[in-house]
Amino acid sequence: MKIVALILAAGNSSRMGEAKQLLPWSQDTLLGNAIKMAARSQVEKVYVVLGAEAKRIKASLQGTKAEMIMNQNWRWGMGTSISCGVARILNSDIKPNAILIMLADQPFIDEAYLNLLMEHFNASDGRIIATKYGNKMGVPAIFDKSLYTALMDLDGVEGANVLIAQNKQVCFGVDPGKKALDLDTQEEYTIFKISNFKNIT
């Protein structure tokens, strides 16, 4: 199974107050760390969707093998990033069987967890392997090629969670432990950066 990673990093980080993609994390940046974790996993290739602060962020990623995708419509919401990202992937030579969608602000998501998602995808007949958040499911999540058209139809603020909710009958959830923590505010970033959350499981 060929699976590629699509990292969504186009937002303007309004709650953080600055571009969180560029915030230092573990001798890298939040986005650089996400790319590193994806690249260490079993995905075929890593794609990154940029939007706000694209020039600065792209400059910070010199030397990375990830392919950058510019979303000119990033202001309209995450759905536009997914749509343009999937469209670019389908125009590539890889022709993946599935796409792993992940975020730039979940620094505790590591290659082991991404590989676990892929193991479940390869071993099941589910079209979506998603991350559990209590009674809900979300990204990081793997979407089978049968859902590519639906992913490209996403628009505005509608993200992958909408598609997951619409396809519960073919969705399998994986428990991330404490790894799926988003860093949305300066307070969250400071707390977890200082502690490095070493006991995360």
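The points below go from the whole chain to a few single residues.

1. **What kind of model this is.** Please keep in mind that this is a predicted model. Everything below describes that prediction.

2. **The overall fold.** The chain holds seven helices and nine strands. Its C-alpha trace spans about 40 × 35 × 30 Å along the principal axes. A compact globule of 201 residues would have a radius of gyration near 17 Å, and the chain has 16 Å, so the two agree.

3. **Inside and across the chain.** Of the 201 residues, 53% are buried. Now look at the contacts with a separation of 6 or more: 69% of them join residues 24 or more positions apart.

4. **The largest pocket.** Which residues lie nearest the centre of the largest pocket? They are Gly11, Lys20, Met78, Leu103 and Asp105, out of a lining of 30 residues. The volume of this pocket is about 690 Å³. Rolling a probe the size of a water molecule over the atoms is a way to see where empty space is left.

5. Four elements each give at least two residues to the lining of the largest pocket: strands β1 (3-9) and β8 (136-144), and helices α3 (78-90) and α6 (160-166). Sorted by class, the lining has 13 nonpolar, 11 polar and six charged residues.

6. **A mostly covered helix.** Helix α1 covers residues 30-40, and eight of its 11 residues are buried. Among them are Leu30, Leu31, Gly32 and Asn33.

7. **Leu30 as an example.** Leu30 sits in helix α1. Is Leu30 buried or exposed? Its relative accessible area is 1%, under the 20% cut-off, so Leu30 is buried. Setting aside neighbours within four places in sequence, Leu30 touches Lys20, Gln21, Leu23, Trp25, Ala104, Pro107 and Leu183. Lys20 also belongs to the group nearest the centre of the largest pocket. As for Thr190, it is 160 residues away from Leu30 along the chain, yet their C-alpha atoms are separated by 13 Å.

8. **Thr131 and its surroundings.** Thr131 belongs to strand β7 (residues 128-133). Because its relative accessibility is 0%, Thr131 counts as buried. Beyond its neighbours within four places in sequence, its contacts include Tyr113, Leu117, Val139, Pro140, Val174 and Ala180.

9. **A cis peptide bond.** Where is the cis bond? The peptide bond from Val139 to Pro140 is cis, with omega near 5°. Strand β8 also supplies at least two residues of the lining of the largest pocket.

10. **Two residues with positive phi.** Ser26 has phi near 50°, a positive value in a residue other than glycine. Ser26 lies in the loop between β2 (24-25) and β3 (28-29). Glu53 has phi near 55°, again positive in a residue other than glycine, and is found in the loop between β4 (46-50) and α2 (54-60). How accessible are they? Ser26 counts as partly exposed at 49% relative accessibility, and Glu53 counts as partly exposed at 40%.

Definitions and conventions: Residues numbered from 1 in each chain as written. Predicted model: local features only at pLDDT ≥ 70, side-chain atom pairs only at ≥ 80, totals over all residues. Heavy atoms only, no water. 1 Å grid on protein atoms, 1.4 Å probe; cavity = no way out; pocket = protein on both sides within 12 Å on 5 of 7 lines; lining within 4 Å. Points joined across faces, edges and corners; volume = space filled by probe spheres on them. Nonpolar A, V, L, I, M, F, W, Y, C, P; charged D, E, K, R; others polar. Buried < 20%, exposed > 50% of the residue type's maximum accessible area, 1.4 Å probe, protein only. Contact = heavy atoms within 4.5 Å. Rg over C-alpha atoms; globule rule 2.2 N^0.38 Å.
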